[in-house]
Amino acid sequence: MSTLAAWLLSDAPESRRQASLGRFFRGWLQLRRNHLAIAGLVAALALILVSLAAPLLATHDPAAQDLTQRYAAPSAEHWLGTDEVGRDLYSRLLYGGRITLGMVVAIMVMVAPLGLAVGTVAGYAGGFADRALMRLTDIFLAFPRLILALAFVAALKPGITSAIIAIALTAWPPYARLARAETLTIRNSDFIAAVRLSGASAARIVLRHIAPLCVSSLIVRVTLDMSGIILTAAGLGFLGMGAQPPMPEWGTMIATTRGEILDAWWVPIAPGIAIFVASLAFNLLGDGLRDVLDPKQG
Amino acid sequence: MSGTSDASPLPVRFRASLSSLASVPITLFGLILVTFLIGRAMPIDPVIAIVGDHAPPDVIARVRAELALDKPLPVQFWIYLEHLARGDLGSSVMTSRPVTTDIATFFPATLELATTAILIAILLGVPLGVFAARYQGSHFDHAVRVVSLAGQSVPIFVLGLLCLLFFYVKLGIAPGTGQQDVLFEGMVREVTGMRVLDAALAGDWDAFWDALAHLAQPALVLAYFSLSIITRMTRAFMLEALAGEYIVAARAKGLSDARILWRHAFGNIMVPLITVIALAYAGLLEGAVLTETVFSWPGIGLYLTGSLLNADMNAVLGATLVIGSVYVGLNLLADLAYRLLDPRVR
Amino acid sequence: MLTRRTLLASAAAAAVPLAAPAIFSGARAATPRNIVAMAKQIDDIIGAFDPGESYEFSNNEGCGNLYRKLVIPDPAGGDRLVGDLAEKWEVSKDGAVFTFHIRHGVLFESGKPLTAEDAAFSLQRVVKMNKTPGFILTQFGLTADNVEAMVRATNEYTLELKLPIVQATSFVLYCLSATCGCVVEKATVLANQANGDLGNAWLKMHSAGAGSYRLVEWKASDHIILEANPHAATKPHVPRVVIRHVADPSAQLLALQKGDVDIARDLVSDQLKLVLNKPDYNVARRPQLTSMYIGMNMGVPELQKVEARQAIKTAIDYEAIAKNITPNLWSVWQSFLPKGIPGAVADNPFKKDVAKAKALLAKAGYPNGFSVTLDHFAKTPYPEIAQAVQADLAAIGVKVQLLAGEQKQVISKTRARQQQLAMLTWFPDFLDAHSNAQAFCQNIDDSDATKLKSVAWRYHCFDKEMTELVDAAVKELDTKKRMEMYAKLQRDFFQRGPFAFMLQNVEISVMRKDVSGLALGVLPDYTRYAPITKA
């Protein structure tokens, strides 16, 4: 272990691989000192694990109703009680994690390539294409995100797919800007000039040489964005514009049972806590990462 | 509530607003086009929204023609633009009034809520950030960090529900939802549309206290999110400022700690801070949609969601346009403040 | 004119200006005696308070308190019609000419007397404007061109109504008791006319009637304020009614418990069990004419088979839904004519029987069931009911995918005939059997170009025999024969109709114990606030 650490921390790396691994390792060491970030990392990992293992951990079928057991209090049978049609709340929370994380992943998969494409093309092509694409980006940035997403969902018809598309449509502009900024710095570097001289087409340069270099900063940005996306998704669900019942999405679960806050307050509050924990986990992690990558931002 | 404002590095936003400065009209046009297309793509037939479920086909056909919905989309858009140029946003189905009148009645409530929230956020957030930077690494600093991270993580509607549960339901020390108690409805003449102000202007102190009490909860809930941003950014700016050479020089001159902190360091971060506050204020428009839903606050957010659910297209377009414009305006303001006041940018 | 001071005179909190803010004062005093505060869902309003356009629950209820009509259902109950503005009336033998004698001494809120001229004008403008409710009068052959000749005041207190198309007398009278039959003051309305709109824009936000109240203020999806009409024949006990929009039933209950409001109008079963039979509350209860049904689109091949539709009707556990999900509020009723409409049959022939339903399904040619979607409203209790139906149908092999949507969205979809199964509610336009019979049984042309897009049309239910029976019944002047025709129609409909009528609504309003007297009607049009008293 110590030899490995020494190799990683070596002042005179022998290969590019050793250098970049070493950089990651130093970052990790720094991150490890940040207890809050580690707590976030652990929580985020736990969340992912629990969601993946939901079928094993659940005590009930999350869709099984029992109309005679509506709003039952927590008990040995139902650890967190039951909801409006007598489904087990604990099991639904577990499966809800899958939906939330699934939405986040789906959104990321759509947003990052879209932002990357717009940003790199704009940055590399410059001129009119740049101005047109960036104007489009500005228009999308000019909307408050939730409100634009709401409008999109209303146009598409409420549902989880619409919610994913709507959030993705509102989330890409910052990625495009980031990718464009990176592209601008890379574009004039020597190695791109060399590639260009070797006769590569513009498309090839963007796709093979510029885009891969932008990916790492986009990934960091994705981590920082996670909690925002979780909250937007839950907010849409709460407004009745996200996932639809009987899907156990957390925001939707709150929306359908918020009326019970009087007699069975734990039914709407439990998914609320779940959203908070998930969002906080990613915020803590992102916060720690930011410290590592950009100490000035504090 | 979303993550745009917390996570996007500020310089990116600045550049965004810089380039949009000259092209606000284009941005606004895009905004109108996007909202218009969204309005036309809704799965609810707007004619049904107007005439109801029982209407016979001849009435439906007539209303469709009246709304020019039988014309091609570009023609409809042109008609909309023409009306817009005259300051006519059309009539709302829900309220049976011109959308402009509606916005004039609903927007002040949001303004009242958001302004109160941003004031609370500034009054608490700035000192927290300043002292967190001053005592960097202390328990206080860590506590501030946790509180502000929590603020960015808690869904605003859950916080609102919790507040109602404890302060209204369980403890009974706060009033319920809405802008006023029912019996004050229609009692105070509306001047500004902001209930607290109107009651004070009318000298009606019962109504004043009632309105203030109703405002307290949603404003505090809404303030928490911007509070976290303002605290974090204040702390970050202060850390940078405190590391500056002039601070070292000031210390060498033997100036008092408080003087250095507030006069020299804080004085230097005013400009970026104003920018952050303007952006946070714009961000509150978003939080307002959810907060207004939880607290039945009759503001523009509730108006927007209500009209969305009712396919009240003119209302949706009008409200989105107003929110979008205010958002663009605040971004622009932040941008201008940055350019005009900060010598480094000049 | 009431001022805030006089209203607050009896309120405990009014004493000192700048008194402690309410947030620190703990539980607040209940509302004062001269004001009644009501929590109600009022975001359904379309067309506001113009009786010539009003067509939704909340504004129909408002109009009922602002205006009076020629005839109304007997407030004492039963399905008999009695005169309100009309002291008495005569009908010609052929059923084509109605002569109404208007009561003397009825005053509008302006203080001016109500005459036959006002009544004639009110009916004429409904036909001329031809908004959503216009068909209620135009179905008698009245048009913008002939209405001034057909509906006229023969003298100050006599109104004559001639019908180009003769229909059953009771049917005509029931139509006149609908909201569009409200009498408005001609002079005031015309004085506020804009661009020849017959006062439509003005009447949306103002009232010009002879009802117990006048409209003070309405803010959409927020509140309605009514004040006593000083010239009303029936003076309300409580001079001011404030209706606050509270969307959430549990928030309504909370406001009621805290004393923020005196009456909660839309509590659902879960909340009702907390307040019914408690000494702290008074309860007003009235069966409504609102039905909840599942429609089956016959454009779907599987649903074309009559046995498949019968299988679905036989698979649903109506009793369990009523008992577990909607106790007190919705009870089992399977005819398309709700209980309370003259002629409704009480057979309720369907009971959950899995074996029988499976057999029917096999007979239809689907022994292994099939898949189908069900559209329903997103608001409680509809999702719960839809999920129960989903489970019931799964038991016979019919896999249901639920599609929740906002009310208007589901309606838009069924109007475009894009639904497979859809669960909706329906209330008759007027108290006569023809309203629902036409809606659910009549389809004169199943093409998209039809003139009558009835509910039956929306489900591709194209049944010639039932369509003809509806026409015959509405023209039948002999009441007994007419009722027999409706009975046959309902029994045929049980067998063949593509609709599973499940439940009928009971309206329950809960009042604090010092408040009583709210008079609920079978339709919102007949709910009255004037009898409300406050101790």
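Predicted model: local features only at pLDDT ≥ 70, side-chain atom pairs only at ≥ 80, totals over all residues.

**Domains, contacts and confidence**

In chain C, the centres of domain 1 and domain 2, taken over C-alpha atoms, are separated by 32 Å. The division of chain C places domain 1 at 43-205 and domain 2 at 287-507. Where these two domains of chain C touch, 13 residues come from domain 1 and 13 residues from domain 2. On the domain 1 side of that contact, helix H6 (residues 169-176) of chain C provides the largest share, five residues. By class, this domain 1 side has seven nonpolar, five polar and one charged residues.

I turn next to the contact between chain C and chain A. Chain C contributes 17 residues to this contact and chain A contributes 14 residues. On the chain C side, at least two residues each are supplied by helix H9 (249-258), helix H13 (318-325), helix H15 (382-394) and strand S15 (399-405). Of the elements of chain C, H15(C) gives the most to this side, with five residues. The classes on the chain C side are 11 nonpolar, four polar and two charged residues.

Finally, chain B. Its assignment gives domain 1 (44-88) and domain 2 (104-345), and the C-alpha centres of these two domains of chain B lie 39 Å apart. The average pLDDT of chain B is 82, and 90% of the residues score at least 70. Where in chain B is confidence lowest, and where is it highest? The lowest mean, 39, belongs to helix H1 (residues 4-7) of chain B, and the highest, 93, to helix H7 (residues 99-134) of chain B. Over residues 1-9 of chain B, pLDDT stays under 50.

How values were computed: Residues numbered from 1 in each chain as written. Chains lettered and ligands numbered in written order. pLDDT = per-residue confidence, 0-100. Helix = DSSP H or I, 4+ residues; strand = E, 2+ residues; numbered from the N terminus. Contact = placed C-beta atoms within 7 Å. Nonpolar A, V, L, I, M, F, W, Y, C, P; charged D, E, K, R; others polar. Domains from an automatic or database assignment.
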